[in-house]
Amino acid sequence: MNRRRLLQTVMSLPLAGDLFRAALSPAAASTPPHSRTRPGDPAWPSEAEWDRLRQDVGGRLIKVQSPLAACVAAPSDATCAEVFKELKNPYYLGDEVGLTQTLGWVDAWTSAPSVYAIAAETTNDVVAAVNFARRNNLRLVVKGGGHSYYGQSNAADSLLIWTRKMNAIAVHDAFAASGCEGRAPSPAVTIEAGALWGQVYNEVTTKTGRYAQGGGCMTVGVVGLILGGGFGSFSKAYGMAAASLLEVEIVTADGEVRIANPCTNPDLFWAIKGGGGALGVVTKVTLRTHELPDFFGGAFATIKASSDASYRRLIGKVVEFYGEALFNPHWGEQIGFRDGVVAISMVFQGLGREQAEAAWRPFFDWVAASPQDFTVASAPQIHALPARHFWDPLVLRLLPGVVLADDRPGAPFSNIFWAGNLGETGQVLHAYQSTWLPASLLNADQREAFADALFAAAKHWGASLHLNKGLAGAPPEAIEAAKDTAMNPLAFDAFALAIIAADGPPAYPGVAGHEPDVALARRHADAIGKAMAELRKLTPNVGSYVWEGNFFEANWREAFWGANYPKLRAVKDKYDPDGLFFVHHGVGSEDWSADGFTRAG
């Protein structure tokens with residue numbers, strides 16, 4: 001028998017194959033492999049080994065195929081038409097193991113299914129997946145909510161840990177972190193990795209009358225948001241989601257299940273809070289809950305200027321008015337500037353409707369006083385409702401145009417999402433850039449320059465100020481709690497995150513009639529780059545939100561984490577020295593090729 005036949009025979013024996021692969025694994029080898037294993041490589045696991053993994057996880061190993069594969073083969077088929085219809089349903093996207101909420105980013109990435117996925121239901125399933133990937137030198141991906149602009153939750157030729165079915169939520173009257181004897185317990189909620197924020201709000205707020213700081217979009221995954229720090233609609237009042245974290249259960253690269261909190265593995269706990277998704281697989285989080293205010297609400301209006309001079313005056317007034325009347329914990333969400341229009345889409349907490357109307361009245365009186373300059377294209381609408389019902393499906397379904405529902409047969413009644421998020425569902429990004437805006441820009445002596453920059457940006461593309469994504473103006477205790485996270489410190493003195501972005505409808509390369517418009521996307525990207533350059537003139541320090549920034553950010557370590565990066569890298573090297581966990585522009589990704597398969601250098 002020649003050497004090749006001998007190796008084939010040995011590898012086909014279950015126990016011998018495992019021992020042979022273990023001898024070549026990163027844990028056993030003197031140096032980690034230069035490249036991860038792909039299908040077709042000699043070291044790719046045999047069918048027998050995949051079958052044993054399937055047994056280890058109770059049959060929950062899935063051979064993955066994207067529904068879009070049928071569209072590539074038959075783009076005019078009725079099946080493909082139904083797929084593209086469902087691509088506008090975020091719950092459909094989340095329930096399809098081979099899809100992601102964003103379908104790609106032109107010239108950056110395209111949603112690609114893994115080879116296999118484990119539909120994890122227990123922490124032991126996650127442990128089995130991590131150990132299998134480590135022993136076999138596989139590219140490993142984790143998908144919870146699947147809301148990743150950078151394509152973090154998908155990769156071709158990979159093994160996917162899919163946590164969608166791990167969605168239990170337990171509310172506690174008093175929770176004490178493990179090993180933290182002597183610390184006063186606090187009201188809290190424990191959430192498994194696959195839960196969505198809409199589910200959490202329904203359990204915590206609607207049913208128990210408390211609040212857990214989370215994301216603004218109801219279909220965003222809980223864990224992913226926390227790993228990026230976690231800004232939500234009411235962060236100006238309650239801070240970041242990560243700052244409310246009390247304890248985490250995480251599976252690290254060695255397959256160990258670790259508890260991380262301020263008293264146990266505190267370095268890992270700190271790094272999880274905003275350090276990105278490259279430290280392990282978080283299977284469970286426990287968050288402090290907060291008292292509800294009496295009311296949550298929203299304020300909406302659209303104003304159009306009649307000329308460039310009028311538009312510049314309107315922008316200046318918005319900057320002045322926000323700085324003097326709305327720069328406080330009550331107000332969050334967005335004001336957008338583009339094409340001579342100011343679009344107001346804000347939320348508030350702790351105010352009744354009359355109080356909110358009184359806050360805005362001076363601004364709208366100012367607009368009304370100049371009818372030759374301004375047209376109110378969408379009349380002001382200010383609404384408030386008892387905070388306990390802000391995410392209540394029974395209430396929201398009765399409000400025209402506020403939410404959309406999962407229309408699939410048998411879908412849970414609670415499967416709703418904000419109508420304003422529809423455009424993001426199944427999107428293909430053309431460009432996306434962001435920058436923190438320091439609170440100093442609201443000072444009287446800097447407002448003119450800031451308004452000039454917004455006006456100049458709007459000439460190219462426009463900008464949206466996400467006023468809840470920046471902690472300046474928040475209560476001191478919220479800012480102090482945020483400082484004990486891995487977030488870029490620039491966020492603590494920012495009054496907003498400026499986002500400039502463009503996208504297109506659901507599309508996929510190779511599907512005739514549904515392919516991304518590459519030429520248009522590149523024109524948009526060029527315009528957005530010019531618009532952001534106008535704002536960056538006022539923000540020389542590179543700073544951006546880790547989950548909502550530029551895929552092509554050259555200085556990503558400085559932008560996302562600033563001075564915290566060296567400490568984060570040390571934690572990464574301690575718990576994942578061989579780089580099992582890789583995400584684009586994640587901690588340690590500088591050691592790898594862009595696709596995460598080949599070591600740099």
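A: Trp50 and Phe132 are both buried, where buried stands for under 20% relative accessible area, exposed for over 50% and partly exposed for values in between, with a 1.4 Å probe and protein chains only. The model is predicted, so local features need pLDDT of at least 70 and side-chain atom pairs count only at pLDDT 80 or more, while totals for chains, interfaces and linings use all residues. Residues are numbered from 1 along each chain as its sequence is written, and side-chain values use heavy atoms, with hydrogens and water left out.

Rings of Phe, Tyr and Trp (for Trp, its six-membered ring) pair if their centres lie within 6.5 Å, and planes under 30 degrees apart count as stacked, over 60 as edge-to-face and the rest as tilted. By this rule there are 44 aromatic pairs. One of them is formed by Trp50 and Phe132, which are tilted, with 4.8 Å from centre to centre and 45 degrees between the planes. This pair joins distant parts of the chain, since Trp50 belongs to helix H3 (residues 47–56) and Phe132 to helix H7 (residues 123–136), 82 residues apart; helices (H or I, at least four residues) and strands (E, at least two) are DSSP runs numbered from the N terminus.

Within H3, the buried residues are Glu49, Trp50 and Leu53. They cover an arc of only 100 degrees around the axis, and therefore sit on the same side of H3, the arc being that of the directions from the helix axis to the C-beta atoms. An α-helix has 3.6 residues a turn, so residues three or four places apart point the same way. On the other side of H3, Glu47 and Gln55 are exposed, and after the helix comes Gly58, with a positive phi near 65 degrees.

A further pair is that of Tyr201 and Tyr211, which is stacked, at 6.2 Å centre to centre and 5 degrees between the planes. Here too distant parts of the chain are linked, with Tyr201 in helix H8 (residues 197–206) and Tyr211 in strand S9 (residues 210–211), 10 residues apart.
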